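Visitor: Please take a close look at the charged pairs in this chain and at what surrounds them. I would like a careful account of one pair to begin with, followed by its wider setting.

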Amino acid sequence: MASPGVIEPAAQSSTAQPLSRRRFSHDIHGISPDEIDSLMSSSDGRPFLVVHHLSEVKDEGIPFLIPGIPITCRVDNTEKYTTRSKVHVGTLYTVQLTHGHFHWSVKRKYKHFQELHRDLYKHKMMLHLLPLGRFLKDRQQLRAMSEEMPSLQGTERTRRTSSKMKYLEEYLNGLLENSFCRSDHSMLEFLSVGALSFVTDLGPKGLEGPIFKRSGGHRIQGLNCIGHHQLCFRWSRRWLVVKDSFLMYMNRDNGSIDFVLLLDPEFKVKVGRSYTDTKYGVCIENFTRSLIIRCSSYRQTHWWSHEINRLTESSDFLKVQRFEGFAPPRENTLTKWYVNGSGYFADLADALEQAKEEIFITDWWLSPEVFLKRPATDNYWRLDEILKRKAEQGVKVCVLLYKEMEMALGINSEHSKRTLMDMHPNIKVMRHPDHVASVIFMWAHHEKTVAIDQTVAFVGGIDLAFGRWDDSLYRLTDLGLSQTDNPTGDAVDDGMSGGPKPTEPEKQVKQHLDDLTGNTKLWLGKDYSNFIRRDWVQLDKPFEDNIDRTQVPRMPWRDLSAAVHGKAARDVARHFIQRWNFTKIFKNKYKDGFYPYLLPKSHCTADSLSFTVPGSSKAKVQVLRSADRWSTGTNENSILNAYIHTIENSEHYIYIENQFFISCADDGKTIYNGIGDAIVNRILRAHREQKKYRVFVVVPLLPGFEGDISLGGGNAIQAILHFTYRTMCRGEHSILSRLAEVEDLWTEYITLCGLRKHSLLSQSLVTELIYVHSKTLIADDRCYIIGSANINDRSMLGNRDSEMAVFVEDEDRVLSLMGGQEYQAGPLTLALRKECFSVLVGASSDPSVNVDDPISDEFFFLGWNASAKQNVNIYEKVFKCLPTNSVHNMRQLKEYASEERLCDTDPEQAKKELKAVRGLLVHFPLKFLCEENLLPPRSTKEGMAPVGLWT
């Protein structure tokens, strides 16, 4: 529809190459002189940027060993071994090496020392035969090199092993003092040193060395034909690197990382022909691959297997953690919660500005043109501009987007990908899944995460997309004109003051296409939305309004998110890396060098924070997820397990705020997740024990699908309503039906609500539901879960949509109230619960409403339920709102929708009535269309879809 103030984005830089022209090119951002200087001058280890510049490090000739830092060796152990002839007994020397704060050991035979000497001597002779000026310095250094071959024969050393060790130690230390020798390829291989050996954030030096690896072995659907990788394979020489939480192999010729294998509970190291089908083979397995490498000897195979197990045995990721998750609880973690997108977007924008190395983003939907700080008076805080700015500074930006079924969804991820990747080659965007290739048609990547430098991460329900920004005012209007207070006390935009009348659109002031100076709108273009009235379309024209903002109120958006630091942030980043590398392997178009393999930072350096989000506090944080082999290459449903555990172990109350409420298992017929069952059992336990216990549930009044509810809403809306009512109150499996034991006393235990707001638009009273998009559980003022997972099977089972959440438990205590008694609450959870309750019941504007005690009769019955009931009555009287308990069937719906509304017949009286509205709560209409079958007819496309699509 036509609308005022169409604003277009500024023209993009002409230096950005079109995606189609540079799709298979390498990054144009090479390593800068300043970055080279930092690599050469670093004394505590290499900076992490080395990981993203391996080819440049090789081309620039940057030494693997840290310049100016001595490397020393100590030969302190020997082992005897039998040679192939079984006549001679050889000696294996253990060489302990130190370089700065890095320590490692290698095992070498005497012949390896001799081979090293021969190689160095050969290189020395070659330099003398090439009398070029550039080798003058090297020739000068080589004059000090001994030409004597290390010999252990013909002296007393033959009889004394300790003397042999001392002799070899002195010989090697002498070579390591020579700058030419210590940088020689033969020396580096003798020392097992590579380009990533001394990157501080990758943890200890670990194990490295040349191996032959066998192709194939991927455990990913579609990558291996039956028996193909066992019959058709090839061997390739690679450089294997083992770190404390992953291993990888590189192409030593070009410096590229060719594969990364993360540690997980399926990680195993096996030796022998029975596991590898090859002599001197080692099989390394995890969830996604069975990697077979070949060593040069029997002893080397056991050395590799032993050292790999030794280096990885203490890793958290080898164990199945609490809730059957991949990451353990991280104590003393800085974290912060957000209610609504305004504070979240602002902190995220500031955090993105701090990025120095990497930015990882996952989203169900991403709008490149979304503004993170508002009102926007220029493009500085627009998401795509922020990412472009960081990419130009050398930061690697990696984005994973859900590739939607275009026939079913209009989120246009192709536009998002193309827009971002056209801005700079340091911005890489992958979309997944390919529905036909992966045979995944119904499930989605639903996570909403951002990880910055693997140090700070944001997790929650808020996509970086249009319609998500909001604050506690939940404005229904945005004409960008002067704000006034309407008779109901709500800050509104009356569409009249200080500007042209909405009836005269041709006279409305238009801003310059590139100029946002003086802009006062909070939601520009398609960011102003009411998706139940009209879903988003033409997202490639982001600054054209989708609805007429002079006539249609926007639908406010309520959501929660969280920030975490340190080890928990590393866990979030690790999940992203696992998904990224998995997608790179799975999709042929991502297998080239343009899309790099990513490496997880070590948790041993996670406490070194380069920046923190202001206002963060310490708590115990566990990162949870829903993951499956199609989405991530592994299986996990730790979010569901955490929900059920928290409900079952809650003592006083639970507060659920969620976009969906579809639960209550029915023996595997329709619904499988047991969250609703846990709620029923906990209430029944409280009733039998005669103890006070409360359950607060807040969900959207209508599902988020386009449809006219006055005509029934359409099949998609009705399908979700069917399963919501099946969970709440309809049918034998519903919560209220299974609470028959408590009879009419169920209202003392559970309350089911939605949210609504009213305002003034173009001199007319309007109302709209607040769309609850949150995915939050709070319990007992001591712990909470914030994430992307809805309460339904899609999000919770793990084998459907991919999700991520954080479980936060307060470790400190503050004095509070619970059931009229003094209570030790957690400060973070208490503040979150009070923030939620204060806004919902109107306590933030009415000091007489006390939210200190969440389970007291006064608050539960008067502060919460009485307000919700009163608000429902007022809204129905003034606006004839839908959905409503007054409408039981389609005939009544038609009659109800045709009745006159007080807001139209007597606006002044309506304003007086609305003054009594307190807060945002309204009771969920449990009797709405109770006489109708809301399941879609079989003859419709919605009816033909599998039930799992809706549940």
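Visitor: Which residue forms a salt bridge with R625, and how far apart are the closest N and O atoms of the two?

Guide: The model is a predicted one, and in it R625 forms a salt bridge with E636, the closest N and O atoms lying 2.8 Å apart. This pair links distant parts of the chain, since R625 sits in strand β21 (residues 617-627) and E636 in strand β22 (residues 636-637), 11 residues apart. With buried taken as under 20% relative accessible area, R625 counts as buried because its relative accessibility is 3%, and E636, at 7%, counts as buried too.

The count of salt bridges comes to 47, and another of them joins K270 to E285, with 3.5 Å between the closest N and O atoms. Because K270 lies in strand β8 (residues 268-271) and E285 in strand β9 (residues 281-285), this pair ties together parts that are 15 residues apart in sequence. Here K270 is partly exposed, with a relative accessible area of 23%, whereas E285 counts as buried at 11% relative accessibility.

A further salt bridge is made by the side chains of K692 and D857, at 3.4 Å from N to O. It links distant parts of the chain, 165 residues apart, with K692 in the loop between α18 and β24 and D857 in helix α23. K692 is partly exposed, its relative accessible area being 36%, and D857, at 40% relative accessibility, counts as partly exposed as well. Salt bridges that share partners also join E651, R685, E689 and K691 into one network.

Helix α18 (residues 675-689) has 15 residues and reaches 21 Å from its first C-alpha to its last, close to the 21 Å expected at 1.5 Å a residue. Since 11 of those 15 residues are buried, α18 is largely enclosed by the rest of the structure; among the buried residues are I675, I679, I683, L684 and H687, together with the charged D677 and R682. The cover over the buried residues of α18 includes the helices α17 (638-649), α20 (735-738) and α21 (793-796), as well as the strands β23 (653-658), β24 (694-698) and β25 (750-761). After α18 comes Q690, whose phi is positive, near 55°.

Helix α23 (residues 857-879), for its part, packs with helix α26 (residues 907-914), their axes coming within 10 Å and crossing at roughly 170°. Because angles over 145 degrees count as roughly antiparallel, α23 is roughly antiparallel to α26. In this contact I874, Y875, K877, V878 and F879 of α23 meet A910, E913 and L914 of α26, and by class the contact has 6 nonpolar, no polar and 2 charged residues.

Leaving aside residues up to four places away in sequence, F924 touches V699, P700, L701, T724, Y725, M728, L752, C753 and G754. F924 and C753 are 171 residues apart in sequence, yet their C-alpha atoms are 4.5 Å apart in space.

Note on methods
Residues numbered from 1 in each chain as written. Predicted model: local features only at pLDDT ≥ 70, side-chain atom pairs only at ≥ 80, totals over all residues. Heavy atoms only, no water. Axes fitted to C-alpha atoms, helices over the stretch in contact; angles between N-to-C directions. Helix = DSSP H or I, 4+ residues; strand = E, 2+ residues; numbered from the N terminus. Parallel < 35°, antiparallel > 145°, perpendicular 65-115°, else oblique. Contact = heavy atoms within 4.5 Å. Expected span 1.5 Å × (residues − 1). Buried < 20%, exposed > 50% of the residue type's maximum accessible area, 1.4 Å probe, protein only. Salt bridge = Lys/Arg side-chain N within 4 Å of Asp/Glu carboxyl O.
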